[in-house]
Amino acid sequence: MLYGQPDHAYYTSQIVYAAGCGRGRVQRELKKLTELGIIVRALEGRQLYYIADNRSPIFPEIRSIVRKTFGIAEVLRGALQPVANDIQSSFIFGAIDRKTDDRASDIDVMVIGNIHFNNEVVDQLFSVETELGREINTVVYPEAEFRQKIQQDHYFLKTVMDRSKIFLVGDEVGLKRLAYQKPV
């Protein structure tokens with residue numbers, strides 16, 4: 001939670017609610033993380049709140065781990081799960097993957113498969129936009145169109161393919177196979 005949105009401060013009660021654990025257990029963990037210099041504790045009036053310590057020497061590594069395991073990517077994976085059988089590949093690209101994002105950045109998601117943009121993908125990701133408090137820009141390609149554009153050296157797709165990605169469905173090997181396989 002703290003490293004998923006590292007520029008956002010959370011009150012103890014918000015963290016307790018999100019963790020779904022007892023207050024005492026959460027407070028002990030917050031104390032340990034503060035002592036380790038991973039998070040910062042601050043008092044505002046009578047309210048105590050916590051925020052990720054971006055001055056910590058391990059801040060970039062923790063943030064990267066959170067993103068790749070149970071951060072934004074995990075939320076998006078969960079949202080796409082009901083339509084995952086129709087998706088050949090899906091991934092985050094752009095500012096989030098390049099680690100140049102902040103909490104105002106959009107989240108760029110590409111979906112390739114036998115799926116319709118308006119009906120299925122947008123419906124699945126709409127609630128996630130609200131949950132994350134960030135706009136999700138979704139690019140959807142049917143498999144044949146994706147493959148055709150790759151073969152035509154489409155600039156946008158070539159750029160996306162050349163950069164790293166955070167996969168939601170599939171992996172890099174499967175994406176390359178999808179892009180360069182000959183149609184049946």
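Modeller: Let's start with accessibility: buried means under 20% relative accessible area, exposed over 50%, and partly exposed in between, using a 1.4 Å probe and protein chains only. This is a predicted model, so local features need pLDDT of at least 70 and side-chain atom pairs count only at pLDDT 80 or more, while totals for chains, interfaces and linings use all residues. Residues are numbered from 1 along each chain as its sequence is written, and side-chain values use heavy atoms, with hydrogens and water left out.

Colleague: What makes glutamate 172 and lysine 176 a salt bridge?

Modeller: The rule asks for a side-chain nitrogen of Lys or Arg within 4 Å of a carboxyl oxygen of Asp or Glu. The closest N and O atoms of glutamate 172 and lysine 176 are 3.5 Å apart, so the pair qualifies. Both sit in helix α9 (residues 172–180), four residues apart, about one turn of the helix; helices here are DSSP runs of H or I with at least four residues, strands are E runs of at least two, and numbering goes from the N terminus. Lys165 joins Glu172 and Lys176 in a network of salt bridges.

Colleague: How many salt bridges does that rule give?

Modeller: Seven. Another is aspartate 53 with arginine 55, at 3.3 Å between the closest N and O atoms.

Colleague: Are aspartate 53 and arginine 55 buried or exposed?

Modeller: Aspartate 53 has a relative accessible area of 10%, so it is buried. Arginine 55 comes out at 65%, so it is exposed.

Colleague: What makes the pair of tyrosine 3 and phenylalanine 59 tilted?

Modeller: Rings of Phe, Tyr and Trp (its six-membered ring) pair if their centres lie within 6.5 Å; planes under 30 degrees apart count as stacked, over 60 as edge-to-face and the rest as tilted. Tyrosine 3 and phenylalanine 59 have ring centres 5.4 Å apart and planes at 45°, so they pair, and the pair is tilted. Tyrosine 3 lies in the segment before β1 and phenylalanine 59 in helix α3 (residues 59–69), so the pair ties together parts 56 residues apart in sequence. Both are buried: tyrosine 3 at 6% relative accessibility, phenylalanine 59 at 12%.

Colleague: And why is the pair of tyrosine 11 and tyrosine 49 called edge-to-face?

Modeller: The planes of tyrosine 11 and tyrosine 49 make 75°, with 6.1 Å centre to centre, so that pair is edge-to-face. Tyrosine 11 is in strand β1 and tyrosine 49 in strand β3, 38 residues apart. The whole structure has six aromatic pairs.

Colleague: How do you know that lysine 165 lies over the face of phenylalanine 91?

Modeller: A charge sits over a ring if NZ of Lys or CZ of Arg is within 6 Å of the ring centre and within 35 degrees of the ring normal. Lysine 165 is 5.8 Å from the ring centre of phenylalanine 91 and lies over its face. Phe91 also belongs to an aromatic cluster with Phe93, Phe156 and Phe167.
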